Amino acid sequence: MSILDRIVADKKELVADAARRMPLNQLCARIADTAWTARGFAARLARPGPGGVNIIAEVKRASPSKGDIRPDLDAARCAAEYAAGGAAAISVLTDGPYFKGALEDLVRARAATDLPVLRKEFIITDYQLYEARAAGADAVLLIVRILSLSQLDGLLALTRELGMDALVEIHSAEEYTIARAAGSRLIGINNRNLATFDTDLGTATTLAARMGPGEIPVAASGIHNRRDIEANLAGGIFNFLIGESLVRAPDRVAFLKELMGGAPAAKQPADGGI
Ligand SMILES: O=P(O)(O)OC[C@@H](O)[C@@H](O)c1c[nH]c2ccccc12
């Protein structure tokens with residue numbers, strides 16, 4: 001069983017537990033009772049921002065491929081730093097067991113900035129979309145690899161009905177065909193294979209080259225420096241989803257500015273040493 005299969009199997013149980021604690025009708029009542037205005041995730045990524053680059057900066061404490069990154073990361077503070085550095089949007093990993101995240105992180109990250117916020121999660125059921133919306137998410141990730149076309153169709157329709165945007169994630173030409181059949185415009189190309197963790201930065205540029213003018217690619221995973229960004233810009237991609245390298249940066253504001261084409265961030269020791 002691959003790690004991805006395990007994550008998805010665990011997720012089914014977690015969602016069932018969550019639905020027992022908070023039944024769908026209560027979740028819907030909470031949505032109806034809470035004022036919320038979408039911050040326009042997809043609209044923000046439709047064209048390049050200042051410097052020609054949009055960065056979706058991710059709040060990521062840990063991952064199954066890297067283990068602990070910053071296990072004690074404060075989601076609100078981190079999001080505020082991302083906003084100060086010029087991020088176009090924030091992504092928050094809400095998976096607990098494998099990424100040490102929580103929906104509460106999304107709530108706090110969104111309250112700390114004016115930016116649109118993406119729920120980064122292994123979404124397999126409608127319930128998780130209602131949860132995302134109740135937490136205030138502007139957008140959700142839908143991963144083609146873990147969904148059938150009919151599931152993807154249904155989840156996409158409900159995402160829109162709830163007023164959110166979807167970032168549909170692919171990793172191969174076959175998955176691109178499915179994303180396109182579902183009618184998704186905003187397409188995340190994961191450079192990392194979620195089952196093996198192999199990361200190849202050429203994946204995004206290769207798949208983006210197949211896309212039509214109405215489709216907006218987002219290069220995701222394994223982006224570490226300005227050179228990586230420039231290679232993608234040359235391939236026509238101006239949206240980037242970046243987690244680990246941003247979380248680890250000693251000065252996240254300066255590093256973001258550097259990634260967007262500003263002056264290089266000063267090299268600082270990560271832990272206060274010399
Ligand atoms: O930390 P990185 O290598 O910059 O990657 C960020 C993001 O792309 C990655 O977290 C991600 C992309 N797709 C996912 C799906 C599930 C979990 C995580 C992900």
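User: Which elements each supply at least two residues of the shell around the ligand?

Analyst: Strand β10 (239-242) and helix α11 (244-248) each contribute at least two. Please keep in mind that this is a predicted model.

User: What makes a residue count as near the ligand, and which of the residues around the ligand come nearest?

Analyst: The cut-off is a C-beta atom, placed from the backbone, within 6 Å of the molecule. There are 15 residues around the ligand, and A220, S221, L241, G243 and E244 come nearest.

User: How does the shell around the ligand divide by class?

Analyst: It holds 5 nonpolar, 5 polar and 5 charged residues.

User: Which strands make up the barrel?

Analyst: The closed barrel has 8 strands, in the order β1-β4-β5-β6-β7-β8-β9-β10, and their pairing is parallel. From one strand to the next, the twist averages 25°.

User: How do you know that β5 and β6 pair?

Analyst: Two strands pair if at least two bridges are found between them. Strand β5 (residues 117-120) and strand β6 (residues 139-143) are joined by 2 bridges, so they meet that cut-off, and they run parallel. As an example, L118 has A139 of β6 as its bridge partner. Strands of a sheet pair through backbone hydrogen bonds.

User: What joins β7 to β8?

Analyst: There are 3 bridges between them, and these strands run parallel too. I170 has I189 in β8 as its bridge partner.

User: Why is strand β8 called largely enclosed?

Analyst: In β8 (residues 186-190), 5 of the 5 residues are buried, so the rest of the structure largely encloses the strand. L186, G188 and N190 point one way, while I187 and I189 point the other way, and all are buried.

User: What lies across β6 and β7?

Analyst: That is helix α7 (residues 149-161), which runs at about 175° to β6.

User: What makes helix α6 mostly covered?

Analyst: Of its 10 residues (126-135), 7 are buried. These are Q128, L129, E131, A132, R133, A134 and A135. They pack against α1 (3-21), α2 (24-33), α5, β5, β6 and α7. Just after α6 comes G136, with a positive phi of about 105°.

User: What does V253 touch, not counting residues up to four places away in sequence?

Analyst: V253, which belongs to helix α12 (residues 252-259), touches E81, A84 and G85. Contact here calls for C-beta atoms within 7 Å. V253 and E81 are 172 residues apart along the chain, yet their C-alpha atoms are separated by 5.7 Å. V253 has 17 other C-beta atoms within 10 Å and is partly exposed.

User: What is A42 in contact with, leaving aside neighbours within four places in sequence?

Analyst: Its contacts are D165 and L186. A42 lies in helix α3 (residues 41-45). With 18 C-beta neighbours inside 10 Å, A42 counts as partly exposed.

User: Which domain does UniProt list for residues 4-259?

Analyst: The unreviewed UniProt entry gives "domain: Indole-3-glycerol phosphate synthase" for that span. Residues 4-259 are 45% helix and 17% strand, and their end C-alpha atoms lie 30 Å apart.

Conventions
Residues numbered from 1 in each chain as written. Predicted model: local features only at pLDDT ≥ 70, side-chain atom pairs only at ≥ 80, totals over all residues. Helix = DSSP H or I, 4+ residues; strand = E, 2+ residues; numbered from the N terminus. Nonpolar A, V, L, I, M, F, W, Y, C, P; charged D, E, K, R; others polar. Axes fitted to C-alpha atoms, helices over the stretch in contact; angles between N-to-C directions. Contact = placed C-beta atoms within 7 Å. UniProt positions renumbered as here; feature names shortened; annotations may be inferred. Buried ≥ 20, exposed ≤ 12 C-beta atoms within 10 Å, placed from the backbone.
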